[in-house]
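Morning, everyone. I would like to walk through a ligand site and the pockets of one protein. Please have the structure open.

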Amino acid sequence: MAIIQFPEGFKWGAATASYQVEGAYQEGGRGPSIWDTFSRTPGRVFMGDNGDVACDMYHKYPEDVKMMADMGLQTYRFSIAWPRIIPDGSGAVNEEGLAFYHRLVDELLKYGIEPMCTLYHWDLPQALQDQGGWDNRETIEHFLRYAETVFDSFKGKIKLWSTFNEPWCISFLSNYLGEHAPGNRDLQLATNVAHHLLVAHGRTVRLFRERGIGGEIGIVPNVDWQEPYSSRQEDIDACWRKAAWQNEWFIRPVMHGHYPEKLVEWFRGKGVEVPILPGDMEDISQKIDFLGINYYTGGVGKYKENEGLFDWEEVDMGWDRTDIGWTYYPQGLYNFLVFIKDQYGDIPVYITENGACYNDGPSADGKVHDERRVRYIKSHLASVARAIESGVNVKGYYAWSLMDNYEWAFGYSMRFGMTYVDYDTQVRIPKDSFKFYSRVAAYNWFKV
Ligand code: BGC
């Protein structure tokens with residue numbers, strides 16, 4: 001038996017995102033987003049599920065915030081839907097949209113729960129996509145106006161901010177692999193999107209400082225840890241390319257002001273160039289206050305000529321997988337955090353998402369015994385504690401997710417919540433993981 005202990009002041013939180021939980025897609029003056037369009041496009045989302053109702057948090061937020069308080073959360077990470085604030089992306093500000101988030105934040109503050117706000121968790125106003133979306137550099141200017149509107153409105157109330165959630169998903173997953181909205185399959189376009197997001201990120205950070213908003217601001221990449229199958233150089237290089245595409249492609253420009261050169265060369269070999277304009281790299285590398293890390297999975301891989309984009313193939317080691325098919329690999333989180341310290345020193349880190357899809361539902365006793373999720377969270381938290389012991393500056397942890405919700409292209413078929421949601425009745429049932437997590441949040445340690 002071991003005691004896994006966290007430092008005093010370590011923050012315990014849970015995360016969600018606007019489109020995944022809010023519903024009320026036509027209420028309060030909200031405009032359409034690319035996810036409204038994508039989810040209605042036949043064949044894109046499992047069963048054609050959409051976020052029209054989702055968890056109905058737009059209406060049920062008082063009950064949900066109370067539930068967060070029962071869980072003992074010290075902080076809650078949520079995102080603001082751009083189409084609620086500026087419904088067509090570039091026109092008039094919708095005061096009703098701002099008012100909704102003020103009600104939510106006030107409710108959080110009432111219980112002493114610190115809000116962490118993500119400005120962009122994937123719901124781009126459709127009107128901007130109609131003009132090219134993030135492929136169009138003008139979207140950066142529209143984003144800055146949206147960010148400024150939100151900053152000014154919540155100045156002093158929200159002290160933890162992040163610009164973009166998972167820039168790799170917004171760019172490559174959505175515009176090269178075509179799995180998320182808007183569903184393009186074009187590597188050059190996806191590379192443009194990635195670059196424009198980074199410029200928008202850096203300029204938003206500068207705006208945040210210039211307007212004296214106060215608090216902390218960072219960015220949230222989703223990271224991958226790839227262990228080479230062997231110590232052969234070609235396996236090492238292939239794994240580096242695969243993981244760096246998600247990690248270093250975004251983190252290095254932000255932290256060091258340049259893209260990873262080897263990967264830029266690799267892309268050039270595929271006829272793809274990063275559309276860098278003078279001043280961009282300086283904009284991108286504005287000093288951030290923290291790095292948010294979303295970690296779910298990783299694996300073992302090796303070199304295979306002409307395989308995929310990176311001459312890389314996964315090696316199935318027979319490890320456990322969660323119900324969504326992702327490998328269970330807690331060691332990868334530890335490895336990644338130590339890598340961050342090696343590369344980037346003492347930058348404060350929040351684990352902004354970590355969690356697992358296990359589709360357990362209520363048992364005969366009416367409760368949800370999600371022991372596999374408890375095991376997942378425990379082992380990943382143990383990796384975080386080990387990283388802290390190793391000198392990595394991890395400040396807090398946000399479990400994904402507070403409750404089951406709309407899992408993007410998987411619709412409602414995949415459940416990541418510590419609270420079970422019955423989508424027919426909107427009844428919430430705290431799972432066993434909810435109870436485990438509330439004890440950890442209260443005591444700052446647990447036994448394994
Ligand atoms: C995203 C969430 C998503 C979760 C599980 C992350 O990629 O930020 O929105 O639900 O992982 O897939």
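Let me start with the ligand. It has 13 residues around it, and those that come nearest are Q20, E166, E353, E407 and W408; a residue counts as near if one of its heavy atoms lies within 4 Å of the molecule.

Before going on, note that this is a predicted model, where local features need pLDDT of at least 70 and side-chain atom pairs count only at pLDDT 80 or more, while totals for chains, interfaces and linings use all residues. Residues are numbered from 1 along each chain as its sequence is written, and side-chain values use heavy atoms, with hydrogens and water left out.

By class, the shell around the ligand has six nonpolar, four polar and three charged residues. Here Ala, Val, Leu, Ile, Met, Phe, Trp, Tyr, Cys and Pro count as nonpolar, Asp, Glu, Lys and Arg as charged, and the others, Gly among them, as polar.

Which side chains have a polar atom at a listed distance from a ligand oxygen? For E166 that distance is 2.5 Å. An N or O atom in the side chain of Q20 is 2.7 Å from a ligand oxygen, and for the side chain of N165 the value is 2.9 Å. A polar contact is a pair of N or O atoms within 3.5 Å. The protein covers 94% of the 310 Å² of accessible area that the ligand has on its own, by the Shrake-Rupley method with a 1.4 Å probe.

Next, where does the ligand sit? It sits in the largest pocket, meaning that more than half of its atoms lie within 2 Å of the pocket's grid points. A pocket, on a 1 Å grid over the protein atoms alone, is an open set of points where a 1.4 Å probe fits, with protein on both sides within 12 Å along at least five of seven lines; lining residues have an atom within 4 Å of a point.

The largest pocket holds about 1200 Å³ of space, the volume filled by probe spheres set on the points. Among its 47 lining residues, W168, L173, Q246, T297 and W326 are closest to its centre. Strand 8 contributes the most to this lining, six residues.

Last, the second largest pocket holds about 200 Å³. Its lining includes W225, C239, W240 and F339.

Key:
Polar contact = N/O pair within 3.5 Å; in protein donor to acceptor, adjacent residues only side chain to side chain. Helix = DSSP H or I, 4+ residues; strand = E, 2+ residues; numbered from the N terminus.
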